[in-house]
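User: I'm new to this one. Could you walk me through how to read a helix pair and a pocket?

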Amino acid sequence: MRKTSLRDAATAFQTAVDDIVQFAERLSTNASQQDASWIYEHAVIRLFREFESLMLHAISGAINNDSSVLSSTLGISFPKHLAQPVCEFVVTGGGYFDFRGRDGLIKDMKGLLGDAHWLVAVVKKSTYKDALNQLISLRNFAAHDSKQSRNRAKESLNLERLSSAGAWLKRQDRLSTLSDRLKALAAEVHAFAPR
């Protein structure tokens, strides 16, 4: 049975992130302020989607590569190798992959992989805490534009006022800065992933 490559998933994520940043920069060059804000809102939604996909592949891939982690966390004996679709089913429960913020992602990962797993350690790093909280809150604000999502975004950015996620991201290379932090996380996934 072929094992899932977490390295390939991390590399694909980094490529997708570069494409998203280039898309936003290219399209917003001659756009109106409003259009540029919408472009950057679309970009942060895409960025979140790519991160979500990376995490799904990383968690299910970690189980696929070593099902003993799942056996020890759930207290159930599993075969040595589980097929990738089975691993994804374990992670999603047959639905779609969803988590409630950075802390919710870490909690879900611990529930499947255990506290000591290298993937949990990477995502838990304080180095990535702000980037993950900003990504998630800006995506939620861009997608929902609710009072609650605005407040969470302001909180994660330490701001008193925030007109839109796109308006904030389009200034001072903020999308690139956020993307670089997420690519660094993916680089660690790549580095720690089994060959």
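User: What is the handedness of the crossing of helix 7 and helix 8?

Analyst: A crossing is left-handed if the near helix is turned anticlockwise from the far one by less than a right angle, and right-handed if clockwise. Here, helix 7 and helix 8 cross in the left-handed sense. Keep in mind that this is a predicted model, where local features need pLDDT of at least 70, side-chain atom pairs count only at pLDDT 80 or more, and totals for chains, interfaces and linings use all residues. Residues are numbered from 1 along each chain as its sequence is written, and side-chain values use heavy atoms, leaving out hydrogens and water.

User: How are helix 7 and helix 8 oriented to each other?

Analyst: Angles over 145 degrees count as roughly antiparallel. The axes of helix 7 (residues 126-144) and helix 8 (residues 147-157) cross at roughly 155°, so the two helices are roughly antiparallel.

User: Which residues of helix 7 and helix 8 meet?

Analyst: Contact means heavy atoms within 4.5 Å. On helix 7, Asn-133, Ser-137 and Phe-141 are among them, and on helix 8 the list includes Arg-150, Ala-153 and Leu-157.

User: And the largest pocket, which residues lie nearest its centre?

Analyst: A pocket is an open set of points on a 1 Å grid where a 1.4 Å probe fits, with protein on both sides within 12 Å along at least five of seven lines; lining residues have an atom within 4 Å of a point. This one is lined by 20 residues, with Arg-100, Gly-101, Ile-136, Asn-140 and Arg-152 nearest the centre. Helix 7 gives the most to that lining, 6 residues.

Definitions and conventions: Axes fitted to C-alpha atoms, helices over the stretch in contact; angles between N-to-C directions. Helix = DSSP H or I, 4+ residues; strand = E, 2+ residues; numbered from the N terminus. Parallel < 35°, antiparallel > 145°, perpendicular 65-115°, else oblique.
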